[in-house]
Amino acid sequence: LYAVLRRTWPRFSPAPLHMILHNHLAAAMEWRSRNPFYRAFDFLAVLQRPLPPRLRLIALELGISDAIAEIAPAIAASVETLEHPVLVSEWGEAPPEGSVPAVLRIGFLGHSSIDKGFGLFTGLARECHGPALEFHAIGLASSEVHTLDLSGLSRMPAATSVPRDDYVAALAEIDLVCLPLSRNYQYVASGSIIDAIAALKPLVCVRNRSLDRKSTRLNSSHANISYA
């Protein structure tokens with residue numbers, strides 16, 4: 001479809017035509033051929049080929065370009081980093097240091113998918129929830145949610161997209177963010193991590209290259225990044 005549009009587009013406008021694929025690299029990291037004879041070779045063969053000159057990858061976080069260059073040096077020259085912006089006016093002040101809430105609220109942010117670690121989060125919630133410890137899912141429910149036991153959650157993932165104002169307000173009430181991300185998040189930006197750091201919330205997360213780069217930048221700020 002894009003090839004057809006590119007050929008016919010000059011008839012309608014002199015402006016250049018671009019196609020943007022969101023989360024395309026993360027999806028590609030999970031792809032494998034069904035043919036077992038090709039399976040061991042095809043993915044690595046693709047990684048060893050440079051991208052066409054007109055094709056670029058845009059990384060929305062620090063560290064992603066380094067992770068890509070490590071597994072696919074031929075692609076590294078085609079990666080550009082454009083950090084995801086943060087709207088400062090959305091976020092308030094951090095709570096006073098040393099303050100201990102009567103009820104500790106732990107939040108999982110964004111799309112509640114298995115790949116993002118939501119299954120681990122719900123397991124932790126079932127084992128640890130109690131009068132002084134609550135677990136909240138702030139964001140959209142994935143199609144995988146029905147396979148999980150959500151009995152430990154005080155707030156369930158939403159059936160429809162959460163309006164941005166409601167999302168920010170819910171995050172403001174959380175004391176700590178827990179995101180047990182999969183390894184695929186070496187290669188994809190996470191708006192949830194960006195929001196947690198922008199909101200000055202303590203963040204418990206699986207270590208990856210992007211977080212390493214962020215922690216270096218935020219070393220002298222109020223952000224608190226703990227690795228699992």
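The accessible surface of the protein chain comes to about 14,300 Å² (Shrake-Rupley method, 1.4 Å probe), and 59% of that surface belongs to carbon and sulfur atoms. Keep in mind that this is a predicted model, where local features need pLDDT of at least 70, side-chain atom pairs count only at pLDDT 80 or more, and totals for chains, interfaces and linings use all residues. Residues are numbered from 1 along each chain as its sequence is written, and side-chain values use heavy atoms, with hydrogens and water left out.

Of the 228 residues in the chain, 34% are buried, meaning under 20% relative accessible area with a 1.4 Å probe, protein chains only. Take contacts (heavy atoms within 4.5 Å) between residues at least 6 apart in sequence: 61% of them join residues at least 24 apart.

Now look at helix α5, residues 118–128, whose buried residues are F118, F121, T122, G123 and A125. They pack against strands β3 (104–109), β4 (133–138) and β5 (176–179).

Further along, helix α6 (residues 164–172) meets helix α7 (residues 191–198): their axes, lines fitted to C-alpha atoms over the stretch in contact, come within 11 Å and cross at roughly 55°. That makes α6 oblique to α7, since angles under 35 degrees count as roughly parallel, over 145 as roughly antiparallel, 65 to 115 as roughly perpendicular and the rest as oblique. On the α6 side, R164, Y167 and L171 make the contact, and on the α7 side S192, D195 and A196 do.

Definitions and conventions
Axes fitted to C-alpha atoms, helices over the stretch in contact; angles between N-to-C directions. Helix = DSSP H or I, 4+ residues; strand = E, 2+ residues; numbered from the N terminus. Buried < 20%, exposed > 50% of the residue type's maximum accessible area, 1.4 Å probe, protein only.
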